[in-house]
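Hi,

Here is the structure I said I would pass on. Have a look first, and my notes follow below.

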Amino acid sequence: MIVAVILVLPSSPEALTNVSEIRFPLEVIGIVLFALVLDGTGFAILKWGVTLSLAAMLFLKLADIGTGMVFQRPFNPYLDLKILTDGWNLLSGTVGVAVAVGIICTGLVAWLLVMVVLYWSFDGFRHSAVEARRKSVLASGILFLVGLAAFIVQDHDRRNLGVEARGVPYFVNRVAMVRDSVADLARFEDEVKQDPVSAGRHFSALAGTDVVLIFIESYGRSAIEDPRYATRINDRLGLMEREIEAAGLQARSGWLTSPTVGGVSWLAHGTLLSGLWIDNQARYDRMITSERRSLNSLFRSAGWRTTAVMPAITMDWPEAGYFGYDSVHDAHGLGYKGKPFNWVTMPDQYTLAAFERLARRGRNDAGDRPVMAEMALISSHAPWTPIPTLIDWDQVGDGTVFNVQAESGDPPSVVWADPERVRKQYVASIDYTLEVLSSYMARYGRNTLFILLGDHQPASIVTGDGASRDVPMHVVTGNPELLKRIDGWNWQAGMIPLKSTPVYRMDEFRRKLVESFD
């Protein structure tokens, strides 16, 4: 029974509900047959081989389900070991360290228990009477041959309809996945060397203008087009458009396709900034050791003072050296004295206020060079509770004013017990971040080019299965001449991109920005 369950267990979340396509695994009969006829060393090899193989298969299938729910793809042993740490950070931040440890320990104990029971269950074949074993061998042999014949004569398309690879083919497919990943990294070496952006100074049309590039966590196309969220978010974008227009700003909006979904935001950051398609950790690791110039480095070479504002960075960040920042303001360097919002270290309003204080004031001390900033806003990061609210900018101070908000609302364990509640909290978090950005740009947007975009779509619990990987981008400025330079992108005027608005891959943006503002 254990063998059958592991073999038929789907390795994708959507297949878990498609029980109509489950077929009894022929491999079970084969294992029983060999267990009955083998003795001594042969039986021991079978016993250990089946147990270890199924232990590995069960682990991989559970990992497939996990990465499928979050990232909408199977687990890749070659690429995904790093996300185990990030998964721990997210889980512990969502349900607490104690509960997270309990979940992991329970899972490990259950996995080990299943394997121990499976290993011991083989001994039952040794205790059968000779006559009973002989009859069992005969019956198993007949069943195996009948099943094999039925499988062979079955129509090939029907044979594979809805049935995932299992047994030996499952491991063969996983080895092929790893082999393809290694080959992909070899191809990536050539991509790194082929830079469409020439050497030299760029962005002459932006001379004297601050450029503020802001990634909005989990802000995906579904927030604008999914009927469950569209009304609220489109109403907010309409309000933003009116508020920034009253402040003398204009916007163009469109779509970019992100290389990731549900998490690992740094892949999207790396893609946009390097102009390379960074859809896995191996590519990212190679990128940061390359001589490929990031967008930040291009601005730095052209005379901008580059800075990173990263409220989610709480540990050493060696990758910063690749991107070319003159300064980095991480969670500790932003001066926040308030309480965290669960995993989220500080609300977005504080992050923006700290950036204004630390990077844009006192410009005379920096030789009056314009600022090019890359920022990641994280109030819309899971677990989406509690949700901050906008306050008067003059009251932000050191962030302690947000303590009451940080202690409000239900804890993640309550919110995440109800998928519908998760979705409501998600859209509320996006609404908050857009409201804050609207207020911030209207207040501080003079002589600035704002580039706002989502890093990736949220997990499928929010979007549903089959959602695109597109994210919105908004280009906002008070200088209409700058917006004319992106007319060739054919993006929509205002803050709401249309379904028909052109979509570009995120790795195309670096080249398009350089070409438009040279």
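Let's start with W384, which sits in the loop between β5 and α16 (helices are DSSP runs of H or I with at least four residues, strands are runs of E with at least two, and both are numbered from the N terminus). W384 is buried, at 4% relative accessible area (buried is under 20%, exposed over 50%, partly exposed in between, with a 1.4 Å probe and protein chains only). Its phi is positive, about 60 degrees, although W384 is not a glycine.

Before I go on: this is a predicted model, where local features need pLDDT of at least 70 and side-chain atom pairs count only at pLDDT 80 or more, while totals for chains, interfaces and linings use all residues. Residues are numbered from 1 along each chain as its sequence is written, and side-chain values use heavy atoms, leaving out hydrogens and water.

The loop between β5 (371–377) and α16 (403–406) also holds P383, and a cis peptide bond with omega of about 20 degrees joins A382 to P383. P386 is in the loop between β5 and α16 too; the bond from T385 to P386 is cis, with omega about -5 degrees. For context, most residues other than glycine have a negative phi, and most peptide bonds are trans.

Where is the other place to look, N490? N490 lies in the loop between α20 (480–484) and β8 (492–493). N490 has a positive phi near 60 degrees, and is not a glycine. At 54% relative accessibility, N490 is exposed.

Cheers
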